[in-house]
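Work through these exercises with the model open beside you. Try each task before you read its solution.

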Amino acid sequence: MNAADQAVIGVDIGGTTILAAAVLPDGTASRHHTVPTPRTGGGDEVWEGVASAIDAALEDTSGAARGIGIASAGPLDRDQGTVSPVNIPAWRDYPLLKRARERYPGVAVAFDGDGLCMALGEHRYGAGRGSSATLGIVVSTGVGGGVVLDGRLYRGPSGNAGHIGHAIAEPDGEQCPCGSRGCVEVVASGPSMVRWALEHGWSAPGPNPDARALAESARAGGTVALRAFERSGRALGIAIVNAAALTDLDRVVVGGGVAQSGRLIFDPIRSTVAEYASMDFLRRLEVRASTLGQLAGLLGASELV
């Protein structure tokens, strides 16, 4: 690609897929490379999946990239360079930064949370442009988030600000893998929606139903599927209003696989926000769909370098 020596490799590590691409300073990304996140084996097997995606993206620059920015599911420890994603059980205090620097010596490497990077990508290049206070939410295998305040990524003292998926939506709700109960993630993530629907009588088409199949059922008028989306959207809407009340947000950008269901998820989010956003400063809040799609976290990660 042109100006390969100015490119940065952006990487987005999620519970389902790993995505990497070479990104130019104007935010233009090369073809992106997708690797399934390994579901078996140990932490190093997951790392090898990440490295294979990075290697493929590096080939697009003839090895001339000036850095690697990594967005990872969290939580993470920026001081130690480790990650412990709730939805990647093989990574507990995994030394991600060390592994990357060992594998790619002489190349600048930075990492941050995937929700934070999604928020940064949308703020710079997507649906968050022009906003002074943006919350980005990824609704997929898990629910992640990040906040950009006054044009700057807000990480918090530990680097984990924005974990809206582990705000509490149902105080007496289901146990979350994080150890708490009733988190937004155990209500609103794709697998959680599917699990709830199956428990409440949804007739799934096939042995391995996913959120896409649930959306198809909802569009066809399936009562249980529609209730699953309403329940998810309401949990997200309540979390959004709480976040907006605390940080004076003016924009929320929702992305991830579940967001691709369109009005099925956005209608209950917006109606819940309208119901609870009573004060004037909350009423100006806009909820938008991601315009960058699966590239949002990757583009945000490239900005870290």
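## Exercises on a predicted model

The model used here is predicted.

**Exercise 1. Find the residue of S2 that stands opposite Ile9.**

Step 1. Go to strand S1, residues 8–13.
Step 2. Find its partner, strand S2, at residues 17–23. Six bridges join the two strands, and they run antiparallel.
Step 3. Look across from Ile9: Ala22 stands opposite.

**Exercise 2. Give the strand order of the open sheet and name its edge strands.**

Step 1. Strands of a sheet pair through backbone hydrogen bonds, either parallel or antiparallel.
Step 2. Trace the five strands of the open sheet: the order is S3-S2-S1-S4-S7, and the pairing is mixed.
Step 3. Pick out the strands that pair on one side only: these are S3 (33–36) and S7 (108–113).

**Exercise 3. State which strands helix H2 touches and which strands helix H10 touches.**

Step 1. Take H2, residues 96–103. H2 packs on the sheet and touches S1, S4 (67–72) and S7. The direction of H2 makes about 155° with that of S7.
Step 2. Take H10, residues 296–303. H10 also packs on the sheet. The strands it touches are S1, S2 and S4. The direction of H10 makes about 130° with that of S1.

**Exercise 4. Decide whether H10 is mostly covered, and say what covers it.**

Step 1. Count the buried residues: seven of the eight in H10. H10 is mostly covered.
Step 2. List them: Ala296, Gly297, Leu298, Leu299, Gly300, Ala301 and Ser302.
Step 3. Name the cover. It includes S1, S2, S4 and helix H3 (114–125).

**Exercise 5. Describe the interface between domain 1 and domain 2.**

Step 1. The domain assignment gives domain 1 as 3–117 + 296–302, and domain 2 as 129–289.
Step 2. Note the spacing: the C-alpha centres of the two domains lie 25 Å apart.
Step 3. Count the contacts. In domain 1, 11 residues are in contact with 19 residues of domain 2.
Step 4. Give the area. About 1100 Å² is buried between the domains, and carbon and sulfur atoms give 55% of it.
Step 5. Find the residues of domain 1 that lose the most area to domain 2: Val86, Gly115 and Leu116. Together they make up 48% of what that side buries.
Step 6. Look for charged pairs. The rule finds one salt bridge across this interface.

**Exercise 6. Which residue forms a salt bridge with Asp112?**

Step 1. Use the cut-off: a side-chain nitrogen of Lys or Arg within 4 Å of a carboxyl oxygen of Asp or Glu.
Step 2. Check Asp112 and Arg155. Their closest N and O atoms are 2.4 Å apart, and the two residues form a salt bridge.

Note on methods. Residues are numbered from 1 along each chain as its sequence is written. This is a predicted model: local features need pLDDT of at least 70, side-chain atom pairs count only at pLDDT 80 or more; totals for chains, interfaces and linings use all residues. Side-chain values use heavy atoms; hydrogens and water are left out. Two strands pair if DSSP finds at least two bridges between them. Helices (H or I, at least four residues) and strands (E, at least two) are DSSP runs, numbered from the N terminus. Contact means heavy atoms within 4.5 Å. Axes are lines fitted to C-alpha atoms, for helices over the stretch in contact, and angles run from 0 to 180 degrees between N-to-C directions. Buried means under 20% relative accessible area, exposed over 50%, partly exposed in between (1.4 Å probe, protein chains only). Domain bounds come from an automatic or database domain assignment. Buried area is the accessible area (1.4 Å probe) that two parts lose on being put together, summed over both.
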